[in-house]
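Take a look at the fold shown here. Keep the sequence at hand as you read.

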Amino acid sequence: MITDDGRELWTSATGRGEPILCCHGGPGLWDMFDTLDLGSRFRLIRWDQRGAGRSEPRGPYTLGRMVADVDAVREEHGLDRVPVLGHSWGAQLGLLYALAYPERVSALVYVSGVGLGHDWHPEFKRNFERALGGRRARWAELRAKDRDEAEERELAVLQWTADFVTDGDRHAEAMATPWFPVNYEANAALSEEMRATPERELVEACRALTVPVLIIDGAADIRPRWAVDSLERALPSVTRVRLPGLCS
C-alpha cells in the first residue's frame, strides 16, 4: 500500500473472522505476529511499520506520522472501526492511535507496554543484564563493535532471549526469522520524541479516552510493570490481566 506522503508499506490480512489490527514492537523492527494463531474467529491485519522490514526504508519518523500510518492501514483494509492489538512499543503506538482517533478503535489490547513515563529505564537495564546472565559479555562485545549482518542478527537474538522465561533461544530465533535490518534511525527518533512527551499530558489525554482497554502483563517481564500503573489509573474503561511466570 502507498501512504498519503508516498511511502510504501507492506501489509497483510490472514484469517476470515473479526479483524484485529496488529502493531508490532520496536521501533525500527518489523511484524512478528505471523506465528500468532487466533483461530477462525479472527482476521489479523498485519504490517511492517514505516522504514522497517518489507516496508520502504524511508522516513520521516515521527509519532504523528506513525499514527497516520496506522490509520492508513485501517483504511486500506476497508475497516470503519477495529480492535487494535499492540505489543511493547506497538502497545504505545496503539494507545496513541486510540487517543487520536477514538471513533475508529473499538477496543485496545495493550500487551507488555512500557507505560506513560520514562523512569523505568534504570530498573529495566538491571533486569535485562540479569536475564542475559553469562551471555552479557558477548552482548557487550557485539554492541561495542562495527557489526556485519550476521553479527547484527546475533545481537538481536541475544537481546530478545531476555524477553522469555523459558525457551528464549527458540523464541528469539523465530522472531529473527525472516531477518531484516534494524532501522536504528527510526528507533532513535521515535524514542527521543517519546521521552520528550510529558507523562502528565498523556495521563490527561487518557482520562478522556472512552475506548475499552485490556492491559496484559507478564509478571516476570524485564520491563517493570509498575511503569504501567499510571496508565491503568488514568483510563476510564480498563481491565488488567497479569499472567504469572511469563515475560513479554
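The model is predicted: local features need pLDDT of at least 70, side-chain atom pairs count only at pLDDT 80 or more, and totals for chains, interfaces and linings use all residues. Residues are numbered from 1 along each chain as its sequence is written, and side-chain values use heavy atoms, without hydrogens and water.

**The sheet.** Seven strands form an open, mixed sheet in the order β1-β3-β2-β4-β5-β6-β7. β1 (11–14) and β7 (238–243) each have a single partner strand, so one side of each lacks a neighbour in the sheet. Strands pair if DSSP finds at least two bridges between them. β6 (residues 213–218) and β7 pair in the parallel sense over six bridges. Val213 stands opposite Val238 in β7.

The angles run from 0 to 180 degrees between N-to-C directions, with axes fitted to C-alpha atoms, for helices over the stretch in contact (heavy atoms within 4.5 Å).

| Helix | Lies across | Angle |
|---|---|---|
| α1 (residues 63–76) | β1, β2, β3 and β4 | about 135° to β3 |
| α2 (residues 89–100) | β2, β3, β4 and β5 | about 155° to β5 |

**Helix α3.** Helices (H or I, at least four residues) and strands (E, at least two) are DSSP runs, numbered from the N terminus. The buried residues of α3 (residues 121–132) are Asn127, Phe128 and Leu132. Buried means under 20% relative accessible area, exposed over 50%, partly exposed in between (1.4 Å probe, protein chains only). These buried residues pack against α4 (136–143) and α5 (149–161). Arg126 and Arg130 are exposed, on the face turned away from the buried side of α3. Just after α3, Gly133 takes a positive phi of about 60°.

Note on methods: Expected span 1.5 Å × (residues − 1).
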